[in-house]
Amino acid sequence: MLGLFTNKNEGCNLPFLCWQCEMSAPGGCGSHGESKGVCGKDATKSRLQDLITYGLRGLSAYREHARELIEKHGNEEEHKTLKEIDDVIAQSLYFTLTNVNFNFNEHISQLMKVGEAGVKVMDLLSSLHTKALGIPTPTKVTQNKAEGKGILVSGHNLDMLEKLLKRIEERGLSDKINVYTHSEMLPAHGYPHLKKYKNLKGNIGKAWFDQTDIFSKWNGTCVVNTNCIVPPEKSPKVKNYIDRLYTYKIVGIEGAKKIENDNFDPLIDHTLELPDITGFDSDEKIVTGHHYKTVLDAYGEKVLNAIKEGKLKRVWVIAGCDAPGKKRNYYRELALALPKDHIIITSSCGKFRFNDIDFGVVPGTDIPRYIDLGQCNDSNGAVHIALAVANALGVEDVNNLPVSIALMWMEQKAIIILLALLSLGIKDIFIGPSAPQFANEEIINFLVKNFNLGVISGDIHKDFSKELVS
Ligand code: SF4
Ligand code: SF4
C-alpha cells in the first residue's frame, strides 16, 4: 500500500496559531511564524489538541441524538454509557486547557480515548435506533419522484421524522401530505416502524450540498433537522425557499422558521397551503437498509462460504461525507472499477457518489455487491461485520482480512469516525480527497508509522494497484 501523505499543509504556512489564553502573543501565538507559543506549546501539540476538539464535536453531535432517544426509552445500561461518553468529553476538553499537558504520547492516548467514546456512541445510537424503529431491511426507494403536498426532510434525526409522520397521521392527513427524505435521511426508508407510514414516499436529491438546488425547486416545505444546512450567504438560491424552510432544535439560520417544542402543526398547516409538488417525476430507484444486523443475519453464512469458496475476494468500505467538487468522483471511479467478486460496504452521504449504480450480486451467490449500512453514525456496522467475519474464519487480526477502506472526510463527524476506527486498531485506511490541514509532518509520520494511514492520490490504480484485482 502506498499510504503516504503528499499534502504538507498547502494553503497555510503557519506551523500553528493559538489565541487560547491571555499569554497569547500579539496577533496570536504563532502568527509571526513562531514554532512555539508563550506557554511552550508546540505546533504538534496544538494541532493534536485541535484534533481532539474536532473529534469531540462529532462525538457531541452523536451524543445529543443518543440523549434524545435515551430520554424517551433508555435503560440503565444506556444511561451509564451516555455518562461514560460525557466523562470523556469533559476530560478531553480539560486536557486541552492551557498548560495542562505537553506530552506527545499522552495526547495520542487522549485522542484514542475520544475514538473509543466514538465507538461507544455509534453502538449506542445504533441500538437505540433499532430499539425504537426496528432493524432496517433492504428497501428500494423511489428517487426524485414526488406528488401531492410535500414535506422534504434532510438531516440525521430519525426520531424527529417519526414524530412528524405520527402527527400527520394523528391529524388524519396521511393521504394529503407526503413526506420525502433528502441526503442523510435516505436510510429512514429501511426502518420497519417508519416504513409503515405509507406517506413516507421516497428520496429526493443527493448529498447535503445539493439542498439549495433541490429546495429551491421544491414547491412544498423543507426541514433540516441536523447538520448539514447551507446558509443564505453561501447561495443566493436559499432566498427562494427561506420562507418554506424549517429547522429543528440546534439547527438554525436567519429567516427560517423553528419547530418549537416538537409542535409540527405550523409546518403541517403551511404545507397544506402550498401547491402540489411538480417537477419531480423520475423513474430512478435506489437501495438502502442494509443494517449490519440484517447483513449478518441474512448474509453472514453466505459471505463466509463465498469467501471460503473463492467467490468473494475482497470487501471495500467506501464511505464518508460528500462535499462539492469533482475530486470525489474518485470514489465513483473506484466503485465502478471493482471486480465482480468484490463488494462495497458504504454509509454516510458519500454514497450518493455511486448509489445510482446497479452493482448486482456476487456471481454464483445472492450476496448484493452494494451494502448501505445507513447514516454516518451507522459506520460502526462495517467494524461489526469485519469482526464477525474474522471471528468465524479464525483470523486473529481484522487487518489481515481482504478489506480495503477508502473514506471521504468533510467535517467533524467524519473525524470521530476515523478516530473510532483508529482506536480499534484498524489500519490501512485511505482518506481523501484532501489531506487534513490540521496534521503536520510529525502527526502524519505517526499516523503512517502506526496505522499506515494514507491520503488518496486521485489515481485509483496508483492507490490500489494490488487490491483492484479479482
Ligand atoms: S495556550 Fe499557549 S500557545 Fe495558546 S495562546 Fe496561550 S500561550 Fe499561546
Ligand atoms: S455524512 Fe457528513 S457531510 Fe454528509 S450529511 Fe452527514 S455529517 Fe454532513
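Visitor: How are residues, chains and ligands labelled, and what limits apply to a predicted model?
Guide: Residues are numbered from 1 along each chain as its sequence is written, while chains are lettered from A and ligands numbered from 1 in the order in which they are written. In this predicted model, local features need pLDDT of at least 70 and side-chain atom pairs count only at pLDDT 80 or more, whereas totals for chains, interfaces and linings use all residues.

Visitor: What is the confidence of the chain, and where is the pLDDT below 50?
Guide: pLDDT is the predictor's confidence in each residue, from 0 to 100. The mean over the chain is 95, and 97% of its residues reach 70 or more. Residues 6-11 are below 50; beyond near neighbours in sequence, this stretch has ten contacts in the model, a contact being two residues whose C-beta atoms, placed from the backbone, lie within 7 Å.

Visitor: Why are α3 and α11 called roughly perpendicular?
Guide: Helix α3 (residues 104-133) and helix α11 (residues 412-423) pack at about 105 degrees, with their axes 7 Å apart. Axes are lines fitted to C-alpha atoms, for helices over the stretch in contact, and angles run from 0 to 180 degrees between N-to-C directions. Angles under 35 degrees count as roughly parallel, over 145 as roughly antiparallel, 65 to 115 as roughly perpendicular and the rest as oblique. The pair α3 and α11 is therefore roughly perpendicular. Helices (H or I, at least four residues) and strands (E, at least two) are DSSP runs, numbered from the N terminus.

Visitor: Which residues make this contact, and how do they divide?
Guide: Among them are Leu111, Met112 and Val114 of α3, and Ile416, Ile417 and Leu419 of α11. The contact divides into ten nonpolar, three polar and one charged. Ala, Val, Leu, Ile, Met, Phe, Trp, Tyr, Cys and Pro count as nonpolar, Asp, Glu, Lys and Arg as charged, and the others, Gly among them, as polar.

Visitor: What surrounds ligand 1?
Guide: The surrounding residues include Cys18, Cys21, Cys29, Cys39 and Lys41; a residue is near a molecule or strand if its C-beta atom, placed from the backbone, lies within 6 Å of it. By class, the shell has seven nonpolar, four polar and one charged.

Visitor: From which domains does the shell around ligand 2 draw residues?
Guide: That shell takes at least three residues from each of domain 1 (139-273) and domain 2 (288-463), with bounds from an automatic or database domain assignment. Of the 15 residues around ligand 2, Cys228, Cys321, Ser348, Cys349 and Cys376 come nearest.

Visitor: Where does cysteine 228 lie, and what joins asparagine 227 to cysteine 228?
Guide: Cysteine 228 is in the loop between β5 (221-224) and β6 (245-248). A cis peptide bond, with omega about 15 degrees, joins asparagine 227 and cysteine 228.
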